[in-house]
Amino acid sequence: MKILTICGSLRRESYNQMLLSSLSQYAPKDWVFKQSISIGELPHYNEDIDTATPPSSVDQFRKEIEEADALYWAMPEFNHSIPGVLKNALDWATHPLNEAALLGRVIAVSVVTQGRGGYRGMSDLSRVLRDLGNFVVPAPELCIQFAHEHISPEENGQVSITDPVTEKLLKIQLQNLEYAVRHRMGHHAGMCWKNFFENMATL
Ligand SMILES: Cc1cc2nc3c(=O)[nH]c(=O)nc-3n(C[C@H](O)[C@H](O)[C@H](O)COP(=O)(O)O)c2cc1C
């Protein structure tokens, strides 16, 4: 399993990034986790530059998505929804529509916040990804509130999650991610869009 991790925060000491760095502790040893290009390197989405030769950061981001078996997105909630910088990355990954990198993928989503929110952001991100023809692991929902109390960086560079319930949920979520890849649930989720695009192309 090749998992691409995508972080919705650009902050140097991001708790979302810490969660992503901890994932390999909860997965089988032979899984390979790769961190995507920083989404801060993507320009603001603009159809004028979304041509056959898009900016190199966009090209790289799309290729990284295509080469992965599954994606793991972790983001903070900003103003009760998806952070703008992540929505921008999502917009790049869903074009051009008929050959979008972000179509027919298997995705796990987590929200990590230092506050007491998170579920509205998670609901928005999951809905958008799902509506666009991806399979989003529906359970367990992983929304880590008061992250500073549950996630901490260690001196050796490792990250420790101090809440056993969160650890258990992470393990189950990754098991479900693997099940969804094995059963090609991303392919099935993308079928209707692919059929739609193919038929529209011959209209
Ligand atoms: C502009 C902005 C809006 C925010 N809105 C919310 C929010 O709606 N709900 C919430 O729980 N936390 C909110 N927060 C707090 C972030 O979730 C918190 O700072 C989080 O730790 C950032 O993620 P990171 O640690 O990965 O950088 C907001 C923070 C900022 C900067």
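1. Let's start with a cysteine. C143 is buried, with a relative accessible area of 11%; "buried" here means under 20% relative accessible area, "exposed" means over 50%, and "partly exposed" is in between, using a 1.4 Å probe and protein chains only. Keep in mind that this is a predicted model, where local features need pLDDT of at least 70, side-chain atom pairs count only at pLDDT 80 or more, and totals for chains, interfaces and linings use all residues. Residues are numbered from 1 along each chain as its sequence is written, and side-chain values use heavy atoms, leaving out hydrogens and water.

2. So what about disulfides? The structure holds 0 of them, a disulfide being a pair of cysteine sulfur atoms within 2.5 Å. For C7, the nearest cysteine sulfur is that of C143, 15 Å away. C7 is buried too, at a relative accessible area of 11%.

3. Now have a look at helix α6, residues 164-182. Helices are DSSP runs of H or I with at least four residues, strands are runs of E with at least two, and both are numbered from the N terminus. The expected span is 1.5 Å times one less than the number of residues.

4. Which residues of α6 are buried? They are T166, L170, Q173, L174, L177 and A180. These cover an arc of only 120 degrees around the axis, which puts them on the same side of α6; the arc is that of the directions from the helix axis to the C-beta atoms. An α-helix has 3.6 residues a turn, so residues three or four places apart point the same way. On the other side of α6 you'll find P164, V165, K168, Q175 and R182, which are exposed.

5. Zoom in on L177, which sits in helix α6. L177 is buried, with a relative accessible area of 0%. The C-alpha atoms of L177 and D69 are 9.8 Å apart, although 108 residues separate the two along the chain.

6. Last, the surface. W193, F196, M200 and L203 form a nonpolar patch there, with about 460 Å² of accessible area together. L203 lies in the segment after α7 (185-201), and at 85% relative accessibility L203 counts as exposed. Patches are made of residues with over 30% relative accessible area and no salt bridge, joining like charges within 9 Å and nonpolar side chains (Val, Leu, Ile, Met, Phe, Trp, Tyr) within 5 Å. A salt bridge is a side-chain nitrogen of Lys or Arg within 4 Å of a carboxyl oxygen of Asp or Glu.

Note on methods. Accessible areas come from the Shrake-Rupley method with a 1.4 Å probe; for residues, only the protein chains shown count as cover.
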